[in-house]
Amino acid sequence: METEIKTFPAQLVERRWLSQKTFEITFSKPASYDIRAGQRIRIYYQALERDYTPVSAPQDPEITFCIRKVDAGQFTPVLSTAEIGAQFAISGPDGYFTFKPSPRPPVFVATGTGIAPFCAMVRAGAAGFTLLHGVDDPHELYYRSEFEFAADRYIPCISDKNPSYSEYFRGRVTDYLEQHLSAAQYDFYLCGRREMIREVTWLVDEKYPGSLIYSEMFF
Ligand SMILES: Cc1cc2nc3c(=O)[nH]c(=O)nc-3n(C[C@H](O)[C@H](O)[C@H](O)COP(=O)(O)OP(=O)(O)OC[C@H]3O[C@@H](n4cnc5c(N)ncnc54)[C@H](O)[C@@H]3O)c2cc1C
């Protein structure tokens, strides 16, 4: 027997572009909708549905997401153009990608908008972590000042080899781990592209045995 998924109405309240490709979008929050930082929410519009992880804190009165517009995609063009006031629906929250303090140092690794759950975690009080954020260019380092404040180490990893980005680590997050993170046991939290999660998982098996890995794959 299929269980019916409970959905709630959610009104589009605000949209704010963070860069040419990426925007924040805010929805009204249903009454008594309890969410933990790092959990995902499914958004519905007509026949379409997709999962997103809020950047807002659980205690915020509204729910905000950071979303990259995929030009050839189906749902993000709708989200990026829908009128303020439009009615969507949401279900959830779901998932277990939440911060679990432990004796091992936490290492957060994100690519692109995979930074979202870490933003929610910081806004819920997470601190004392290492964060690697892999992006193509520095304009995509969203929420940078919040991470610089909360993290022990905040390391933007810029894949574009443009020499004017010399103040940053230039390379992928896996390059940084290979070259700079000393061998020890950590709790790794990985969020973003499938390839990054796969490659970091291999690297952890090889270089950081005894570490734990939590992961959330966006696409
Ligand atoms: C648990 C979970 C949480 C997620 N949270 C977020 C979030 O907070 N922010 C966010 O931007 N996305 C998030 N996603 C991805 C999101 O669900 C959609 O897949 C994405 O927005 C594309 O939807 P679309 O309908 O526009 O594209 P689709 O029509 O579904 O896909 C078109 C193509 O685009 C590719 N694609 C999907 N996402 C991206 C991307 N970001 N960059 C480049 N190519 C992509 C797909 O692999 C596919 O080949 C999350 C996914 C999951 C599973």
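Helices (H or I, at least four residues) and strands (E, at least two) are DSSP runs, numbered from the N terminus. The model described here is predicted, so that local features need pLDDT of at least 70 and side-chain atom pairs count only at pLDDT 80 or more, while totals for chains, interfaces and linings use all residues. Residues are numbered from 1 along each chain as its sequence is written, and side-chain values use heavy atoms, with hydrogens and water left out.

Ser32, which is not a glycine, has a positive phi near 50°, and its place is in the loop between strand E2 (22–28) and strand E3 (40–45). The peptide bond from Gly92 to Pro93 is cis, with omega near 0°, and Pro93 belongs to strand E6 (residues 87–94).

Around the ligand there are 20 residues, of which Arg50, Asp51, Tyr52, Phe75 and Thr76 come nearest; a residue is near a molecule if one of its heavy atoms lies within 4 Å of it. By class, this shell has 10 nonpolar, 5 polar and 5 charged residues, where Asp, Glu, Lys and Arg count as charged, Ala, Val, Leu, Ile, Met, Phe, Trp, Tyr, Cys and Pro as nonpolar, and the others, Gly among them, as polar.

The table gives polar contacts, that is, pairs of N or O atoms within 3.5 Å.

| Residue (backbone atom) | Ligand atom | Distance |
|---|---|---|
| Asp51 | oxygen | 2.7 Å |
| Thr53 | nitrogen | 3.3 Å |
| Arg68 | oxygen | 3.0 Å |

The elements that give two or more residues to the shell are strand E4 (48–52), strand E5 (62–68), helix H1 (76–81) and strand E12 (212–217). Because domain 1 (7–94) and domain 2 (106–217) both give residues to the shell around the ligand, the ligand lies between them; these bounds come from an automatic or database domain assignment.

Terms used
A polar contact is a pair of N or O atoms within 3.5 Å; within protein, one must be able to donate a hydrogen and the other to accept it, and residues adjacent in sequence count only if both atoms are side-chain atoms.
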